[in-house]
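Trainee: I have not worked with this structure before. Can we go through it piece by piece?
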Amino acid sequence: ISADDPAYPPLGYWRGYVWGPMAQITYWSLSNYRHLPRVQVAMDAMCQQMTDMMMTQWNAHGHICENFNPHKNATDCSGTKFYHWGALAGLISLEHQGYYE
């Protein structure tokens, strides 16, 4: 659902934020179908978006966020500012590029 849709619910701790572990599980699930061109495009985009979110926070604040605000204009983490599983947002790109299996 689009964020500008009136039915879009307000963000809550477990609702709406972007979580590294869920991105990692999604990536692994999609990798079973990477032979399909659409899936490969989706994986490429997901990895780029996750890395961009993580690196934006890292470069601006030195944070590895517990979770990320899904809105493009978000300026900081939405949760703990330095949390281990937030680094999964970057790990999937390393995995995607073949640096980690």
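Trainee: Where is Glu95 found?
Mentor: Glu95 is in helix H3, which covers residues 88-96. Helices here are DSSP runs of H or I with at least four residues, strands are runs of E with at least two, and both are numbered from the N terminus.

Trainee: What kind of model is this, and how are residues numbered?
Mentor: This is a predicted model, where local features need pLDDT of at least 70, side-chain atom pairs count only at pLDDT 80 or more, and totals for chains, interfaces and linings use all residues. Residues are numbered from 1 along each chain as its sequence is written, and side-chain values use heavy atoms, with hydrogens and water left out.

Trainee: Back to Glu95: buried or exposed?
Mentor: Glu95 counts as buried because its relative accessibility is 16%. Buried means under 20% relative accessible area, exposed means over 50%, and partly exposed is in between, with a 1.4 Å probe and protein chains only.

Trainee: How far apart are Glu95 and Arg38?
Mentor: They are 57 residues apart in sequence and 19 Å apart in space, C-alpha to C-alpha.

Trainee: Next, pockets. How much space lies in the largest pocket?
Mentor: About 450 Å³. A pocket is an open set of points on a 1 Å grid over the protein atoms alone, with protein on both sides within 12 Å along at least five of seven lines; lining residues have an atom within 4 Å of a point. The volume is the space filled by probe spheres set on the points, which are joined across faces, edges and corners.

Trainee: How does the lining divide by residue type?
Mentor: Into 11 nonpolar, 6 polar and 2 charged residues. Ala, Val, Leu, Ile, Met, Phe, Trp, Tyr, Cys and Pro count as nonpolar, Asp, Glu, Lys and Arg as charged, and the others, Gly among them, as polar.

Trainee: What about Pro37, buried or exposed?
Mentor: Pro37, in helix H2, is exposed because its relative accessible area is 62%.

Trainee: How many salt bridges are there?
Mentor: The count is 1, taking a salt bridge as a side-chain nitrogen of Lys or Arg within 4 Å of a carboxyl oxygen of Asp or Glu. Asp76 pairs with Lys81, and their closest N and O atoms are 3.7 Å apart. Asp76 is partly exposed at 25% relative accessibility, and Lys81 is partly exposed at 34%.

Note on methods
On a 1 Å grid over the protein atoms alone, a cavity is a set of points where a 1.4 Å probe fits but cannot get out, and a pocket is an open set with protein on both sides within 12 Å along at least five of seven lines; lining residues have an atom within 4 Å of a point.
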